[in-house]
Each structure stands twice: as C-alpha cells, then as structure tokens.
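Student: Please give me a close look at the surroundings of some side chains here, with the cut-offs behind each term. A plain account is enough.

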Amino acid sequence: MRKKNLIITFTIIIGFILRLVNLNQSFWLDEAAQVIESSRSFSKQFQITSDFHPPLYHIILHFWMYLGNSEIWIRSLSVLLGTGCIYLIYKIGSYFGKEKVGILSALFLALSPYHIWYSQEARPYMLFVFLSLFSTLMLLRKKWFLYSLLVVFCLYSLYFTPFLLLGHLSYIVFFEKKYFRNILLSLFAAGICFLPWLPQFIKQLKQGTGGSFYGWTNIVSVVPLKAIPLTFAKFIFGKGTIDNLLVYGLILMPVFLIFISSVWISYKKRKELRMLILFFIPFFTAFITSFIIPIIAPQRLIFLLPFFLLIIAYGIFQIKRIWFIIAIILIIITSIGGLIDYYTNPYVQREQWRQAVSYVEKYGVSDKTLVIFVFPEPFAPYLWYEKGKIEAIGIAPKFNLKPNDLDNLAKFLVGKEKIYLFQYLTGLTDPMDLTKNYLESSGYKLSNIKDFPGVGFVFEYN
C-alpha cells in the first residue's frame with residue numbers, strides 16, 4: 001500500500017510540474033476578457049451576458065485576483081484544479097478496477113497534453129472538469145448530500161452540466177436502480193438552486209445563438225460531424241496539429257485503436273459498461289444537441305477526457321503482458337510528442353498579445369500614432385496590456401465593416417502620421433480588406449509588417 005501511495009504521489013507531482021511549464025504565456029482573447037470581467041467589482045460578476053458561461057468561475061477568480069494579477073498567479077488556480085483532477089481520476093479508476101487501474105489512469109491524465117493546456121487556461125473549463133470528477137466520485141460512493149452540492153457547483157460552472165448528469169442518471173438507471181429516488185431528489189434540489197440564474201441564462205442563450213456576425217459560429221463551435229474525430233484527435237495529441245494529414249493520422253491511430261479495443265473489452269465484460277455510459281452518454285447527447293444549437297467543441301467536452309483515459313487504462317490491463325507494455329509505451333510517447341509540440345511551438349501556444357502590444361508601444365508612442373482594430377472596440381488583450389500611451393480605436397461598431405464606418409474613421413486620422421492596423425479577425429469583419437485599401441487611398445504607405453503567432457499580422461503605415 002505504501003508503494004502505491006508513493007507512486008500516485010509521484011504521479012501527481014509530475015503532473016503539477018508539467019502544468020507549470022510555459023505558464024507565463026500572454027493572455028489570449030478569451031482569457032483577457034475573463035480577467036477584465038473578474039477584476040470588476042463583486043456585484044458586476046453576475047453581469048456576464050456576453051460571456052456564455054455561468055458565474056461561479058468569475059466569482060472565484062475575482063477573489064483569487066485580490067492576491068495578484070500576473071499571468072502565472074491567475075492561471076495557477078487552473079493548475080491546482082487540473083492537478084486535483086489527477087487524484088480524482090485515480091480514485092474513480094480504483095473504484096471501477098483495481099488500484100492499478102486508477103494509478104495508470106492518473107498517469108495518462110498527468111501526461112495528457114490537452115488536459116495540461118486547459119490546466120493553464122484562465123477560463124472555467126478546468127473548474128468544471130474538477131467538479132464533474134468530484135461529483136462522479138460522490139455518485140459512486142452514494143454520498144448524496146455532497147453529490148447534490150457538487151451538482152449545484154457544476155451547474156454554476158459550465159452549461160454542459162446537463163450532459164454530465166444524463167450520464168450519471170443513466171448509470172443509476174442501468175446499474176444502481178435502488179438509488180433512482182436518491183438521484184432524482186439530488187437533481188431536483190440542484191435544479192431549484194439554479195432557478196435564480198435561469199433568467200440570465202436565457203439572456204445569454206439569446207445573445208449567443210443570435211450570433212454577432214457571420215462566421216462567428218464556426219469559431220466558437222465545430223460542425224457536429226467534424227466534432228467527433230476532432231475531439232478524439234485533441235484528446236490524444238493535444239492542441240497541436242501536423243500539416244501532413246497522413247502523418248497526423250498515423251500518430252493518432254495507435255492510441256485510437258487502443259481506445260476502441262478497450263471499449264470492446266469493457267462492453268464484453270458487461271459490468272464495466274458503467275465506464276462506457278459515463279463517457280458515451282454525455283458525448284453523444286452533446287453531439288445530437290449541436291445539430292440544434294451550435295455548442296459542441298473539443299474544449300467543452302474536456303470533462304470527458306479523464307473517462308476516455310480511464311477506459312483505455314482499464315482495457316489494456318485485460319490484454320497480454322507484451323501488448324500491455326506496447327500500449328502504455330505508445331500512449332506515453334504520443335502524449336510526450338504532443339507536449340513537446342505545445343512547449344516548443346508558439347503557434348500551439350496562446351496568442352502573443354503581450355508581445356504585440358509591447359512592440360507597438362515601443363516603436364509607436366506618440367500623439368501622432370493610431371492603433372486600429374476592425375471590431376467595435378480594441379480587443380480585450382490589447383486593453384489588458386496597453387499602458388494608455390497610444391490612441392486605439394475600433395472601427396466596426398456592428399462587427400461587419402461598412403463603407404460608412406470608414407467615413408467615420410476619417411476624423412481619427414487627422415494629424416496621425418503612423419497607423420498600426422491589427423489583422424486579428426479581419427477575415428470575418430473585413431474580408432475585402434476595405435480598411436487597408438482606405439488607408440492607402442488616404443495617402444498612407446505600408447512600411448512594415450510584423451507577425452505575432454496567434455494575433456496575426458500587425459501592419460504599420462506611415
């Protein structure tokens with residue numbers, strides 16, 4: 001027992017250390033919007049109509065930021081939650097299989113590139129993963145009061161909670177029918193606790209499904225038929241991709257085949273259908289719902305990643321020793337490959353807004369300089385990092401740039417000798433490059449182009 005405790009402790013420490021690497025990246029768009037919102041007064045933490053998330057993470061981060069607002073400190077909240085997930089999947093794995101299944105599941109999660117990426121994200125995803133695992137563990141242990149409380153927290157963390165709860169309910173219906181009344185009471189109590197937030201949720205839903213501008217849906221969600229293979233690809237290799245699709249597929253295929261084999265092994269054993277239900281019921285109900293509401297994206301399904309790895313861990317313990325060893329080596333090598341890609345490739349890391357803003361403010365500080373964004377206002381990361389040294393404006397009040405918007409731009413150009421135009425999202429807001437053409441027709445000449453990974457080009461005009 002002491003040896004196993006040392007192994008799981010070592011696994012958790014390794015997972016924690018891996019989640020500290022590159023923690024000082026620049027905030028990207030969603031993170032910057034998050035920290036700006038969470039830095040407001042407490043009463044405003046409930047005024048988040050434009051952010052299609054419940055308020056719990058906003059509130060927690062609000063108090064967390066009392067102690068600091070650096071990238072490292074703000075993201076350390078998610079690091080701690082992500083590390084906690086390693087322990088929770090160990091306990092859940094030990095419940096379904098022997099303790100060795102729990103340890104192997106924890107090892108896979110500790111090394112998971114996708115889980116590590118979101119363990120460094122200042123957004124609600126890792127909070128929800130942690131709470132979903134914690135609530136699942138309490139469900140398995142039949143701790144109904146704690147389960148009810150954790151379901152409430154889940155509901156206030158991410159709107160994908162109903163898919164998680166469908167998995168929980170299906171588990172009880174098929175394998176623990178005598179507790180059907182207990183889970184119904186728990187879910188009913190949790191639903192009552194969510195009612196005060198329901199009007200705000202409806203407002204968010206109307207704004208989110210209305211769409212700010214054409215093409216935005218394709219950014220915030222994935223076409224349902226594409227979501228399935230993409231989710232498995234991210235679960236296996238992480239955020240990075242390989243340009244050569246054949247090579248990318250060959251890298252993904254061994255782990256995916258191990259997963260399929262593990263699913264088949266669990267299915268044949270019948271009793272271990274429990275693990276499959278906790279994974280596939282939420283997965284496919286979210287997939288079907290996305291044909292009605294465009295909500296599905298791999299990051300929103302990340303709460304299923306620990307169960308994906310649990311199924312694999314259980315399955316490979318049922319095969320012959322030589323194949324068991326080969327399977328573990330393949331999974332670890334693939335995870336390490338995804339981690340190396342993340343740690344070394346700036347295009348897999350977060351958008352370099354801090355660097356872009358520093359560049360503009362280093363070379364362009366003057367009252368004769370103007371920074372332009374083809375958006376209603378400067379983007380959140382720019383607002384977070386800028387020091388107010390240069391005038392910055394948004395020129396597309398309704399997101400899609402119109403000719404009359406350019407007419408309004410004319411008054412801001414008076415007396416300006418240097419212009420910085422950010423390319424970010426202009427493929428959606430200004431696909432015809434109207435802004436660039438207008439600047440050139442106004443006598444400005446393109447003098448420099450600087451590329452910042454994730455942010456895109458910053459065009460300098462004189």
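Tutor: A residue is called buried under 20% relative accessible area, exposed over 50% and partly exposed in between, with a 1.4 Å probe and protein chains only. Phe16 has 31% relative accessibility, so Phe16 is partly exposed. The model is predicted, so local features need pLDDT of at least 70 and side-chain atom pairs pLDDT 80 or more, while totals for chains, interfaces and linings use all residues. Numbering starts from 1 along each chain as its sequence is written, and side-chain values use heavy atoms, without hydrogens and water.

Phe16 lies in helix α1 (helices are DSSP runs of H or I, at least four residues; strands are runs of E, at least two; both are numbered from the N terminus). Together with Ile13, Ile17, Leu20 and Leu80, Phe16 forms a nonpolar patch on the surface, with about 420 Å² of accessible area in total (Shrake-Rupley method, 1.4 Å probe, only the protein chains shown counting as cover). Patch residues have over 30% relative accessible area and no salt bridge; nonpolar side chains (Val, Leu, Ile, Met, Phe, Trp, Tyr) are joined within 5 Å, like charges within 9 Å. A salt bridge is a Lys or Arg side-chain nitrogen within 4 Å of an Asp or Glu carboxyl oxygen. Helix α1, residues 2–18, supplies the largest share of the patch, three residues.

Next, the rings. There are 57 aromatic pairs (ring centres of Phe, Tyr and Trp, its six-membered ring, within 6.5 Å; planes under 30 degrees apart are stacked, over 60 edge-to-face, the rest tilted). Phe373 and Tyr382 make an edge-to-face pair, with 5.0 Å centre to centre and 65 degrees between the planes. Phe373 is buried because its relative accessibility is 0%, and Tyr382 is buried because its value is 1%.

Trp117 has Lys239 over its face, 4.3 Å from the ring centre, and Arg350 over its face at 3.7 Å (NZ of Lys or CZ of Arg within 6 Å of the ring centre and within 35 degrees of the ring normal). Arg350 is also among the residues that Pro453 touches, along with Pro346, Tyr347, Glu351 and Gln352, leaving out residues up to four places away in sequence (contact means heavy atoms within 4.5 Å). Pro453 sits in the loop between β4 (446–452) and β5 (456–461). With 10% relative accessibility, Pro453 is therefore buried.
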